[in-house]
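Open the model in your viewer and keep the selection panel at hand. Each stop below names what to pick and what is there.

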Amino acid sequence: MKFVGITSCIAGLAHTPMAAKALEKAGVKLGHEVKIEQQGAMGIVNQLKASEISEADAVIIAADQSIEGEDRFKGKPIIRVKLGQVVSNGEIVLSKIAKAIADKKKMH
Amino acid sequence: MKNKVHEFKNHLMSGISYVLPVIIAGSLVVAVAKIVGFLFGETDLNAFADSGGMLHYAYLFEQVGWTAIGLLNIILGAYIAHSISGKPGLAAGLVGGALASSTNAGFLGAVLAGFFAGWLTNWVKNNVKLEGSFASAVPLIILPLITVGATGILMALILGQPLGWLNTTLLEWITDMTQSSTNNVVLAAILGGMIAFDMGGPVNKAAWMAGNALLISGVYLPAIMVNAAICVPPLGYGLATLVKKNNFSNELKESGKGSLIMGIIGITEGAIPFTLKSPLKLIPLNVVAGAAGSATAILLGAHDVMPPVGGVYGFFSVGSGWAYVIGILVGALIIAFGSNALVNFNDEKQVASQAEVVKSEDDIELDFDTL
């Protein structure tokens with residue numbers, strides 16, 4: 001599956017890149033394509049392209065604050081997760097999301 | 001309801017994230033100027049407001065710092081409103097935040113103004129619609145007029161006085177409280193524990209904000225408590241990797257060096273990779289260490305002389321700076337030895353099975369949404 005996502009913490013120093021790396025690593029391991037945009041202290045890093053968003057099966061948002069450009073995801077399934085859980089257990093979070101999205105698709 | 005609370009917290013934290021760099025820069029600039037003054041044997045640069053020479057330049061530089069610090073309410077109001085309603089909310093948020101400063105409504109006033117400005121902007125966006133050629137007047141004339149006007153009326157005419165009174169009373173109460181050394185130690189323990197609890201998360205930032213909101217009102221002691229506790233967790237884990245080297249994987253030994261540096265300059269986040277190895281055991285340890293470090297510093301007599309600078313080297317901005325350093329060391333040593341006693345950082349499997357906050361997918365919270 002293809003996922004895009006956004007991570008953002010308050011200071012934008014540590015949790016933001018750690019959560020992004022955790023999800024991307026989990027993606028490699030579980031065989032999903034994952035691209036995460038980091039909204040941290042240095043502004044937006046690894047910005048999502050419109051084409052990547054439209055191709056994605058779902059949007060993962062892990063943020064301690066409101067994020068920039070949420071309207072880009074209009075019409076997409078959005079899954080909000082706890083930033084702390086992503087940092088510590090990226091793989092479990094991603095596999096649960098993948099299962100949930102797969103279930104949803106089956107229902108349609 | 002839970003979502004509303006969550007949203008409220010998110011907007012507040014967005015505002016604070018914009019405040020962070022400005023306040024940090026401001027207090028560093030003030031400290032540099034003060035130190036130049038100290039080198040010349042002067043404790044109060046205000047005496048050189050109208051004179052010439054080096055000390056006058058130091059005075060001017062100090063004012064730069066105060067200007068930055070003085071922006072706190074404005075930025076907070078503006079970016080809370082921005083978080084709620086985007087660009088259209090900025091105008092009312094800026095004005096509301098500035099009015100919070102001028103009416104002495106302070107930090108609380110700025111938060112209130114920001115939320116009011118943001119919500120009102122959203123309401124106007126959704127409800128005020130003009131037909132035909134007048135439609136284009138809404139975003140640039142009608143919306144700013146209504147939102148700035150109403151926020152102004154609320155902040156200046158209706159809430160200015162009561163909020164100013166509340167803020168002044170609150171400040172007096174806290175100032176009185178900081179006159180008693182017992183209270184101070186308790187306050188230090190609470191703020192220190194909060195700082196260490198989530199290492200850069202919302203609880204940490206709440207304590208940080210409390211310290212800095214008081215700082216701009218001229219009450220410096222709580223910021224000293226906060227600054228001491230910030231150094232404790234990263235410094236503690238950095239030391240832990242030196243105390244018992246074979247208890248750590250190579251990867252964590254490397255992180256240990258970074259963590260030491262983050263401890264010295266005062267970034268709590270440095271402790272995260274270590275704490276994650278076994279949060280159930282290590283978060284309580286961090287809280288105890290943060291509280292103990294902060295309380296020890298105050299107990300030994302660390303006190304305020306100027307806006308305190310963060311990091312271990314911030315001791316120069318603290319009265320009885322040695323007490324501040326000892327406090328940090330006490331907290332850091334509790335973590336350095338405690339963490340080695342509680343957790344084997346080497347054995348990933350053992351740690352993972354012993355004390356993971358998240359044991360299975362059932363513990364993960366997913367919240368589905370579409371726009």
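**Stop one: a buried lysine**

Select B:Lys34: this residue is buried, with a relative accessible area of 13% (buried means under 20%, exposed over 50%, partly exposed in between, with a 1.4 Å probe and protein chains only). B:Lys34 and B:Glu62 form a salt bridge, their closest N and O atoms 3.6 Å apart (a side-chain nitrogen of Lys or Arg within 4 Å of a carboxyl oxygen of Asp or Glu). B:Lys34 sits in helix α1 of chain B and B:Glu62 in helix α2 (residues 54-70) of chain B, so the pair ties together parts 28 residues apart in sequence. Helices (H or I, at least four residues) and strands (E, at least two) are DSSP runs, numbered from the N terminus.

A note before moving on: this is a predicted model, where local features need pLDDT of at least 70 and side-chain atom pairs count only at pLDDT 80 or more, while totals for chains, interfaces and linings use all residues. Residues are numbered from 1 along each chain as its sequence is written, chains are lettered from A and ligands numbered from 1 in the order written, and side-chain values use heavy atoms, without hydrogens and water.

**Stop two: helix α3 of chain B**

Select residues 72-85 of chain B. Helix α3 has 14 residues and reaches 20 Å from its first C-alpha to its last, close to the 20 Å expected at 1.5 Å a residue (1.5 Å times one less than the number of residues). Of the 14 residues of α3(B), 11 are buried, so the helix is largely enclosed by the rest of the structure. Among them are B:Leu72, B:Ile75 and B:Ile84. Next comes B:Gly86, with a positive phi near 70°.

**Stop three: where B meets A**

Show both chains. Here 35 residues of chain B are in contact with 36 residues of chain A (heavy atoms within 4.5 Å). Pick B:Glu361, B:Phe368 and B:Leu371: they supply 24% of the area that chain B buries against chain A, more than any other three residues (buried area is the accessible area, 1.4 Å probe, that two parts lose on being put together, summed over both). Two salt bridges link the chains. One joins B:Asp369 and A:Arg80 at 2.7 Å, N to O.

**Stop four: A:Arg80 again**

Stay on A:Arg80, partly exposed at 23% relative accessibility. A:Glu70 also forms a salt bridge with A:Arg80, at 2.8 Å between the closest N and O atoms.
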